[in-house]
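Please read them with the structure open.

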Amino acid sequence: MSDLYLKGIKETDPEVFETLKNELERQQNQIELIASENIASLSTLNAQGSIMTNKYAEGYPGRRYYGGCEYVDKAEEIALERVKKLFDCKFANLQPHSGAQANQAVFLALLNPNDTFLGMSLASGGHLTHGAKPNISGKWFNAIQYGVKKDGNDKDLIDYDEVESLALEHKPKIIIAGASAYPRFIDWEKFRNICDKVGAYFMVDMAHYSGLIAGKQYPNPIPYADVVTSTTHKTLRGARSAMILTNNEDIYKKINSAVFPGLQGGPLMHVMAAKAVSFGEALKPEFKEYSKNVILNAKILSETLVKRGFRVVTGGTDSHIVWLDLTPKNLTGDKAEKILEEVGLACNKNAIPYDPNPPKITSGLRFGTAAATSRGFNENDFRKVGEMISDMLDSLQFSEDEKRKVFDNTRKNILEMCNLYPIYKEAF
Ligand SMILES: *Cc1c(COP(=O)(O)O)cnc(C)c1O
C-alpha cells in the first residue's frame, strides 16, 4: 500500500486504483468492529505485495521442486523459527492458504471419508469448517456437533458434559475445540481428558484467539492439543493466511504431506514473507500490551452495553469478542447490523445460542475490538463506542426527526474519532 505500489496501479489501472483508494478511505472513516478483522502493518502489506509473488516453491525449505529457492527458503525459515517461538511449539507448517484449508489439511492427514469427528456447532458459535452441513467437513465426514448450555448458572458456556457423552457415544477420531463467536476461555485440559477417554486426537482451531495467545493473554492450547490450526490475520494481525502447529513429529509429517502434495500446489511465498514480518511484530513486547488492551477494551464495551440494557451472551468476555443478544430490545441482527453500518460502525449479525430467528436474520451481533485497538482506540474510546451503539439501536423507537438527530450526531462523532487515529498515515 506504500506510494510505490499505489502509484504504479494509479498509472496502469486507474479503475482498480479507484477501488483501492475508496477501500482505504472506508477503512479510515469507519470503526471496524468485525471480530475476525484487523489492521495489518504497512510492512506486512508491503511484504505481501512483494516480488516473492513471482516465485514457485512447491515443497519445503531445502526440499523444493524448483530452482532459485534460496531466498524464499530463507523467508520460510525465518517465519517458522518465529512462529515456533511465539507459540512455544516444536513443529509448524505455514503453507495453508487460509484457515479453512488448514482444517482440511488436518482432516486429510488424520481422517478417512465418512470417519466420525466431533466439533462445535455453528449455531453455538463454532465455525463452518467444524462440521456444518453445507461445508465439506459436514458433507464428507460424519460430523457430530456439540453446543453450549441452554440455561442454568453456566448458560451459554460450552457444555463439557455433552462433549463427553457425545464422545463416549460416537467414538470420534478427532474432537475439535475452537470457535468464531465464543468469547470465553476454552478449557483445553478438559477437552484433552475427554479425548484421552475415547482415544481421539485433540485438534484446536485457535483462529480467533491466536493473537491473544501470542500475547500471553489467553491460554495456549499447544501443551494439550495434538494439532493446532489458526488463521494469521485475525487477532494475530498478520498476513491473510493460516498455519498448523504441533508438538508431535508423526502428526507433523502427516500434516506436511497433506498440505503438499495432498491439498495444495505452490505455497504463496509473498504471503510467507508477510507472515515472517508479522510474527516478528508479534514477538515484540508491544504486542503483549496490544493484546492486553484488546481484551480490556472488549470488557469495557461489554460492560457499557450491559449498562444500557442489552444482554451479552455468556455475560461478558475473556477475549476480543463481545457477543450481543438483541432480544431484550426486540431487535434482530440483520436490522441492527444495517443501521450501525450506516453511521460507520462495522460489525456482523450473528446467531445467538438457541436463536429463535433464522441465520439470515438472527437475534444477535458480534463485535470485536482487535482492529480498532490496533489503530489506538483506548478504554474511553470503547466506552464511547458502546454508548454510540446503544444510542443508535435505541433511536429506532424514536420519531424520524429524533432518529435523524441521533444519526447525524453519531456519524459526526465517529468521523472525529477516526480522524484522531489515522491508519496507514504513510499512504495518505
Ligand atoms: C476464520 C476462521 C476460519 C477460516 O479461516 P479462513 O481464512 O476464512 O478460511 C476457520 N476456523 C475458525 C475458528 C475461524 O474463526
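In which loop is the place of Ser180?

1. Ser180 sits in the loop between strand E7 (174-177) and H8. The model is a predicted one, and the remarks below should be read with that in mind. Ser180 has a relative accessible area of 11% and counts as buried, because the limit for that class is under 20%. Its C-alpha atom and that of Lys55 are separated by 33 Å; along the chain, Ser180 and Lys55 are 125 residues apart.

2. Ser180 also belongs to the lining of the second largest pocket. That pocket has a volume of about 500 Å³, and 23 residues line it. Leu122, Gly126, Ser180, Asn348 and Asn350 are the lining residues that lie nearest its centre. By class, the lining divides into nine nonpolar, 10 polar and four charged residues.

3. The count of salt bridges comes to 18. One of them joins Arg64 and Glu76, with the closest N and O atoms 2.7 Å apart. Arg64 is in strand E3 (residues 63-64) and Glu76 in helix H4 (residues 70-87), so this pair links distant parts of the chain, 12 residues apart. Arg64 is buried at a relative accessible area of 15%, and Glu76 is buried at 2%.

4. Glu164 lies in helix H7 (residues 160-170) and Lys197 in helix H8 (residues 188-198), so the pair ties together parts that are 33 residues apart in sequence. Glu164 is partly exposed, with a relative accessible area of 25%, whereas Lys197 is exposed at 53%. Lys197 gets its label because its value is over 50%.

5. Asp391 and Arg308 meet through their side chains in a salt bridge of 2.9 Å, N to O. Here too distant parts of the chain are linked: Asp391 is in helix H15 (residues 379-394), and Arg308 is in the loop between helix H12 (285-307) and strand E11 (311-312), 83 residues apart. Asp391 is partly exposed, at a relative accessible area of 30%, and Arg308 counts as partly exposed at 22%. This pair belongs to one network, in which salt bridges that share partners join Arg308, Lys329, Glu387, Asp391 and Asp394.

6. Which residues form a nonpolar patch on the surface? They are Tyr56, Tyr65 and Tyr66, and together they have about 380 Å² of accessible area. Tyr56 is located in the loop between helix H3 (42-48) and strand E2 (59-60). With a relative accessible area of 46%, Tyr56 is partly exposed.

7. The backbone has some points worth checking by eye. Phe260 and Pro261 are joined by a cis peptide bond, with omega about 10 degrees. Pro261 lies in helix H10 (residues 249-263).

8. Asn330 has a positive phi of about 55 degrees, although it is not a glycine. Asn330 is in the loop between strand E12 (321-325) and helix H13 (333-343), and is exposed, with a relative accessible area of 74%. Thr362, also a residue other than glycine, has a positive phi near 65 degrees. The loop that holds Thr362 runs between strand E14 (348-349) and strand E15 (364-368). Is Thr362 buried or exposed? Thr362 is buried, with a relative accessible area of 2%.

9. Ser241 is placed in the loop between strand E9 (227-231) and strand E10 (242-246). At 2% relative accessibility, Ser241 counts as buried. The C-alpha atoms of Ser241 and Gln95 are separated by 8.3 Å, while along the chain Ser241 and Gln95 are 146 residues apart.

Key:
Residues numbered from 1 in each chain as written. Predicted model: local features only at pLDDT ≥ 70, side-chain atom pairs only at ≥ 80, totals over all residues. Heavy atoms only, no water. Patch = residues over 30% accessible without salt bridge, like charges linked within 9 Å, V, L, I, M, F, W, Y side chains within 5 Å. Areas by Shrake-Rupley, 256 points an atom, 1.4 Å probe, with all protein chains shown as cover. Salt bridge = Lys/Arg side-chain N within 4 Å of Asp/Glu carboxyl O. Helix = DSSP H or I, 4+ residues; strand = E, 2+ residues; numbered from the N terminus. Buried < 20%, exposed > 50% of the residue type's maximum accessible area, 1.4 Å probe, protein only. 1 Å grid on protein atoms, 1.4 Å probe; cavity = no way out; pocket = protein on both sides within 12 Å on 5 of 7 lines; lining within 4 Å. Points joined across faces, edges and corners; volume = space filled by probe spheres on them. Nonpolar A, V, L, I, M, F, W, Y, C, P; charged D, E, K, R; others polar.
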